[in-house]
Amino acid sequence: MNTPDAASTHPDIQVCEQARLSRDARFDGLFFTAVTSTGIYCRPVCPAPAPKPKNIVYYPNAAAAEVAGFRPCLRCRPELAPGDGTWRRGDAVVARALKLIDAGALAEQPLAALAERVGVGERQLRRLFVERLGAAPLGVHGTRRLLFAKQLLTETALPITEVAHAAGFGSLRRFNTTFREAYRMAPRDLRKRPRVDDAQVLALRLGYRPPYDFDSMLAFLRGRALPGVEVVDACSYARVIGPDARHPQAAPGWLRVSAWGTGDAALKLELHGVAASRLLEIVNRVRRMFDLDADPQAIAAGFAGDRQLSALVAARPGLRLPSGWDGFEIAVRAILGQQVSVAAARTLATRTAQRFGETLPTPFAPGLEHLFPTPAALADADLTTIGLTRARADTVRTVARALLDGTVDFAPERTLDDFAARWVALPGIGPWTAQYIALRALGHPDAFPAEDLVLQRAAAEDGGRLTAKALRERAQAWRPWRGYAVIHLWRDSMPLPKAAT
């Protein structure tokens with residue numbers, strides 16, 4: 001078997017050893033343990049007896065282990081490990097390329113096109129991946145889709161043909177061949193036990209790296225939930241999901257997210273009426289929305305030099321960035337929330353959804369009755385009929401048209417500065433709105449709406465208020481985690497459901 005690239009990154013070997021021996025879930029997904037005597041690689045939380053140290057090689061991710069010839073453990077199931085948020089977020093070339101790969105870029109385009117989208121040459125992109133992840137982009141893409149297929153085979157009753165389709169394989173034959181070559185078993189071998197799943201409902205386990213404050217996440221979303229589109233109760237989040245740009249003809253369906261169970265570092269995603277071709281995209285959206293790939297240790301370390309932030313993080317180490325399901329929906333809600341309360345913004349957003357969104361012939365469940373309107377539905381809508389000022393209505397229509405003609409977008413390859421500059425160039429969109437959209441629509445860890453009055457007061461510490469300029473200067477020390485500073489300061493300033501928009 002190949003040895004890992006010397007430049008690939010994972011925690012210090014001593015740290016890996018301690019985490020492996022103690023099965024420390026905080027390191028789940030930050031490295032993988034490959035055992036040379038068995039040819040298997042595992043998560044650090046694997047319950048199997050610990051192998052001898054002389055037989056162990058550590059890898060920074062599953063792709064690096066698979067490229068080296070190891071296959072995933074059937075007991076700890078590496079496909080359930082959270083992603084390494086350090087590499088998959090932010091503006092670095094590798095982070096933006098990984099987001100594109102997660103969005104299926106290499107299933108649709110060659111590597112050269114991916115490299116062009118992130119602004120580097122193909123050779124340089126391959127070198128960066130090998131140096132920092134221990135695997136080339138195609139290796140990362142291949143591992144990603146095989147592990148997702150493995151999860152579907154293990155956890156659902158989907159026919160194998162649909163599993164292949166969901167994982168991005170063009171043919172069942174190609175899927176069977178690739179799966180057998182990589183894992184030395186046929187896909188059907190994972191289904192030797194009879195399944196009793198409800199064929200109408202898919203339930204998937206989505207792992208995270210603890211600690212995770214799911215109650216605070218639900219509280220944030222509950223304070224902003226749109227009646228008819230979303231339902232947030234004491235233990236779950238549910239919403240209607242409709243067609244999107246990649247699946248314009250998709251039939252509406254719905255999802256629910258809840259805790260997997262006591263003692264499990266995972267959420268449970270239930271999907272109803274969703275086509276197999278959309279599964280991976282939906283899983284990626286939910287992971288972003290609930291910030292499941294964050295690394296709490298890295299975030300805490302980023303605030304170690306700031307007395308106020310380090311105290312807030314120590315008090316609530318499981319607080320995450322609550323993102324949104326759809327970028328356009330978040331953008332509209334941000335515009336509606338300019339200079340008004342959360343409650344007022346929610347009322348206007350609810351009217352928008354009820355007046356211009358598609359009503360379902362039959363509600364999926366109580367409170368899930370219609371879709372949020374598309375850009376096309378609002379591009380020429382008379383929004384003054386629901387109580388918007390003429391100026392605010394013009395801004396919503398401008399954004400809808402700009403999304404339709406490509407002036408702005410939510411493309412994964414955008415840096416934060418590029419994204420914000422494109423949005424600020426639109427009439428009616430200022431820095432606060434652009435950064436808020438980046439925070440809630442992209443889940444960008446460094447988005448920072450410095451014009452927010454709540455942040456300016458919360459960061460002052462003396463009962464006063466910082467200017468936007470002074471707040472930005474202070475926040476330089478919080479980079480690249482300023483978005484988490486926003487959530488902690490908002491949370492500390494008032495009860496979570498009443499925090500800034």
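Q: Where does P211 lie?
A: P211 sits in the loop between β5 (201–207) and α11 (214–222). A cis peptide bond joins P210 and P211 there, with omega about 5°. Bear in mind that this is a predicted model.

Q: And which residue does a cis peptide bond join to P480?
A: That one is R479, again with omega about 5°. P480 is in the loop between α22 (468–475) and α23 (482–493).

Q: Why do you flag those at all?
A: Because most peptide bonds are trans.

Q: OK, phi next. What is the phi of R184?
A: It's positive, about 60°, although R184 is not a glycine. You'll find R184 in the loop between α10 (172–183) and β5.

Q: Is R184 buried or exposed?
A: R184 counts as exposed, because its relative accessibility is 54%.

Q: What about D291, where is that found?
A: In the loop between α12 (279–289) and α13 (296–302). D291 also has a positive phi, near 55°, and is a residue other than glycine. D291 is buried, with a relative accessible area of 4%.

Q: Changing topic: how is the chain divided into domains?
A: Into domain 1 (13–78), domain 2 (86–190) and domain 3 (202–493). The centres of domain 1 and domain 2, taken over C-alpha atoms, are 20 Å apart.

Q: How many residues of domain 1 are in contact with domain 2?
A: 14 residues of domain 1, and they touch 16 residues of domain 2. Together the two domains bury about 1,200 Å², with 59% of that on carbon and sulfur atoms.

Q: What about polar contacts across that interface, how many residue pairs?
A: Five residue pairs are in polar contact between domain 1 and domain 2. On the domain 1 side, α2 (62–67) and β4 (71–72) each supply at least two of the residues that touch domain 2. The largest share of that side, five residues, comes from α2. By type, that side of domain 1 divides into nine nonpolar, two polar and three charged residues.

Q: And how many salt bridges between domain 1 and domain 2?
A: One. The side chains of R77 and E155 meet in it, at 2.9 Å from N to O.

Q: Which other residue forms a salt bridge with R77?
A: E79, with the closest N and O atoms 2.8 Å apart. R77 and E79 are both buried. There's a network here too: salt bridges link R77, E79, K150 and E155.

Q: How many salt bridges does the whole structure have?
A: The search finds 32. One of the others joins the side chains of R246 and E108, at 2.5 Å from N to O. R246 lies in the loop between β7 (236–241) and β8 (253–259) and E108 in helix α5 (residues 105–108), so this pair ties together parts that are 138 residues apart in sequence. R246 is partly exposed at 45% relative accessible area, and E108 is exposed at 53%.

Q: Last one: what does R20 meet in a salt bridge?
A: E17, at 3.1 Å from N to O. R20 and E17 are separated by about one helical turn, because they are three residues apart in helix α1. R20 is buried, with a relative accessible area of 7%, and E17 is buried at 16%.

Q: Which residues is R20 in contact with beyond its sequence neighbours?
A: Leaving aside neighbours within four places in sequence, R20 contacts F31, T33, P44, A50, P51, P53, I56 and Y58.

Technical notes
Residues are numbered from 1 along each chain as its sequence is written. This is a predicted model: local features need pLDDT of at least 70, side-chain atom pairs count only at pLDDT 80 or more; totals for chains, interfaces and linings use all residues. Side-chain values use heavy atoms; hydrogens and water are left out. Domain bounds come from an automatic or database domain assignment. Contact means heavy atoms within 4.5 Å. Buried area is the accessible area (1.4 Å probe) that two parts lose on being put together, summed over both. A salt bridge is a side-chain nitrogen of Lys or Arg within 4 Å of a carboxyl oxygen of Asp or Glu. A polar contact is a pair of N or O atoms within 3.5 Å; within protein, one must be able to donate a hydrogen and the other to accept it, and residues adjacent in sequence count only if both atoms are side-chain atoms. Helices (H or I, at least four residues) and strands (E, at least two) are DSSP runs, numbered from the N terminus. Ala, Val, Leu, Ile, Met, Phe, Trp, Tyr, Cys and Pro count as nonpolar, Asp, Glu, Lys and Arg as charged, and the others, Gly among them, as polar. Buried means under 20% relative accessible area, exposed over 50%, partly exposed in between (1.4 Å probe, protein chains only).
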